[in-house]
Amino acid sequence: MALSAAIILAAGEGTRMRSTKPKVLHELAGKTFLNRVMTSVAGLHPDTLAVVVRYQADRVARMARSYNPDVTIVNQDDKPGTGRAVQCAMHQLDAEGGLTGQVLIAASDMPLLDTDTLSQLLDFHRSSGNGATVLTTQLDDPTGYGRIIRAGDGSVLRIVEQRDANSSELAVHEINTSVYVFEANVLTRAISGLSSQNAQDEFYLTDALEAASEFSTIGAYAAKDALCVEGVNDRVQLAALSRKHNARLCEHWMREGVTILDPSSTWIEDDALLESDVTILPGCFIQGDSHVGHDAVIGPYTTLIDAEVEPGAVVERSRVQDSRIGRNANIGPWTYLRAGNELDEDSKAGAFVEMKKAHIGAHTKVPHLSYVGDADLGEHTNVGGGSITANYDGVHKNHTTIGSNVHVGAGNLFVAPVRVGDGVTTGAGSVIRHDVDEDSMVYSENSQHAVPGWKPVWERNEERKA
């Protein structure tokens, strides 16, 4: 049976984050909470995926549509609370054709919520015949969470929020994760009579479970992994959850044959791919869709963002973004590769080199203190220290082409657009403004002038005053 609808609650401000950004747009391991939860819920293939928005509604809705263009946006009115959010969603979804079957409801502040856990919850709900099922977990410290109050037969009587709980209820360690599955008709009836008579003056969705218990069976399914249903209310909790998640990722890759010398200082995002016998040294960040080939060495103190590092390459103390590092290439230290670079096998970008949209041919070396932008360098070329491609004329980014087997002297300046042929040698300090034919030697005639007895202006002025 298909899931009729999934409703993601993303209307809250998240005041404890102390941020101008809605809580659901904060990130864990490179992805927003909302993106993560929407992806996990979409894995159940609901007929309708709805996101309820309120605080900075346009901003949240725009991001939701960027993650899934087919999402249905529900605008919550000024009445506060998760119960009101679901009332607004059900009113809109019923108006669009009515609902039958199951409705999943999930909070958007559980960034590690996964499709497998949701699928297990849904299977349990269907097999149990419950009118509603709540996803729970056991916590050593349940402070801040709603408590699950069960009847003697194990069914759920109600969920009591922290502020409304008495001492015996506060002693309960089974907590509500704010993820539910309802039969659509049970949910419609249960939310119809919600009241805001509570400590927060809000419409609680948890009250709908208590209402549903009067005419339907309410069950609970305990998540097998408490981490996947851990919520985030402030930045302290976000940091703690990020550390736990990252520790698991590091352990996963180590068991897959990756050497990580210091997992506590190594941060790896979910979509990164590491092959066997990769070595990650301390202080590294592997972000986005980065792919590191076998036997490559990353670090120490290196950041990869959407980078492709081919087998055997070494990237040390550098930042590489949206670039390809070829087999056995050597990058760093203190190298900055901006987006769009292609470095072929056995090439080098050395200390304090910056590149942008550059193609560096096989065995070509840019050893140190140089900038190469919007340029194509051939094979077996060597670029002397302190050389740059002057690619910007104030309006356009122009291209520089330097051929193969070229020897570039120290301190050269290539004023683009310019083309230097194969086999060229350039003199130190040259300014290359015009195309150079292959197998040539080119240099700039720069006369040296000396001014004996010269003094700076301030010193001459002091002498006049004296």
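A residue is called buried under 20% relative accessible area, exposed over 50% and partly exposed in between (1.4 Å probe, protein chains only). The model is predicted: local features need pLDDT of at least 70 and side-chain atom pairs count only at pLDDT 80 or more, whereas totals for chains, interfaces and linings use all residues. Residues are numbered from 1 along each chain as its sequence is written, and side-chain values use heavy atoms, with hydrogens and water left out.

Cys 88 counts as buried because its relative accessibility is 12%. Cys 228 is likewise buried, with a relative accessible area of 2%. The structure holds 0 disulfides, a disulfide being a pair of cysteine sulfur atoms within 2.5 Å. For Cys 228, the nearest cysteine sulfur is that of Cys 250, 20 Å away.

Nonpolar side chains (Val, Leu, Ile, Met, Phe, Trp, Tyr) are joined within 5 Å, and like charges within 9 Å. Accessible areas come from the Shrake-Rupley method with a 1.4 Å probe; for residues, only the protein chains shown count as cover.

Trp 334, Phe 352 and Leu 369 form a nonpolar surface patch with about 360 Å² of accessible area together. Leu 369 lies in the loop between strand 29 (365-368) and strand 30 (371-377), strands being DSSP runs (E, at least two residues) numbered from the N terminus. At 53% relative accessibility, Leu 369 is exposed.

Methods: Patches are made of residues with over 30% relative accessible area and no salt bridge: like charges are joined within 9 Å, nonpolar side chains (Val, Leu, Ile, Met, Phe, Trp, Tyr) within 5 Å. A salt bridge is a side-chain nitrogen of Lys or Arg within 4 Å of a carboxyl oxygen of Asp or Glu. Helices (H or I, at least four residues) and strands (E, at least two) are DSSP runs, numbered from the N terminus.
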